[in-house]
Amino acid sequence: NIATGVFVDFAMQTSQLDRDLRIQDQLAQQDKFTRELHRIFEAADADASGSLSWEEFEHHLDDVRIAAYLSSLGLDVGEARGLFRL
């Protein structure tokens, strides 16, 4: 019974550690995604005003490289437009 108890305790600790690692991984991915979107918005600020107009953003989305990059992040141009409007 002691061996079973030790095994169960170890399994529970391992499960918690795995869950914690998955949470940390998800948070890191979200942080990376946010930084990448921030870079896209900064690059679209053509006049370097610190503000991004709809026209600047729309022009930036016309670049096929940006569309491909957004796709690599799991977004399409339509979703990016929706993000801008938030």
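Analyst: Helices here are DSSP runs of H or I, at least four residues long, numbered from the N terminus, with strands being E runs of at least two. Keep in mind that this is a predicted model, where local features need pLDDT of at least 70, side-chain atom pairs need 80 or more, and totals for chains, interfaces and linings use all residues. Numbering starts from 1 along each chain as its sequence is written, and side-chain values use heavy atoms, leaving out hydrogens and water.

On to the rings. The structure has 2 aromatic pairs (Phe, Tyr or six-membered Trp rings with centres within 6.5 Å; stacked under 30 degrees, edge-to-face over 60, tilted otherwise). One is F41 with F57, tilted, at 5.2 Å centre to centre and 50 degrees between the planes. That pair links distant parts of the chain, since F41 is in helix 1 and F57 in helix 2, 16 residues apart. F57 is buried at 1% relative accessible area, while F41 is partly exposed at 25% (buried is under 20%, exposed over 50%, partly exposed in between, using a 1.4 Å probe and protein chains only).

F57 also pairs with W54, again tilted, at 6.1 Å and 50 degrees. These two are about one helical turn apart because they sit 3 residues from each other in helix 2. W54 is partly exposed at 26%. Put together, F41, W54 and F57 make one aromatic cluster.

Helix 2 (residues 54-61) also holds H60, which is buried at 14%. Beyond its neighbours within four places in sequence, H60 contacts I40, A43, A44 and I66 (heavy atoms within 4.5 Å). Helix 1 covers residues 2-44 and includes M12, which is exposed at 56%.
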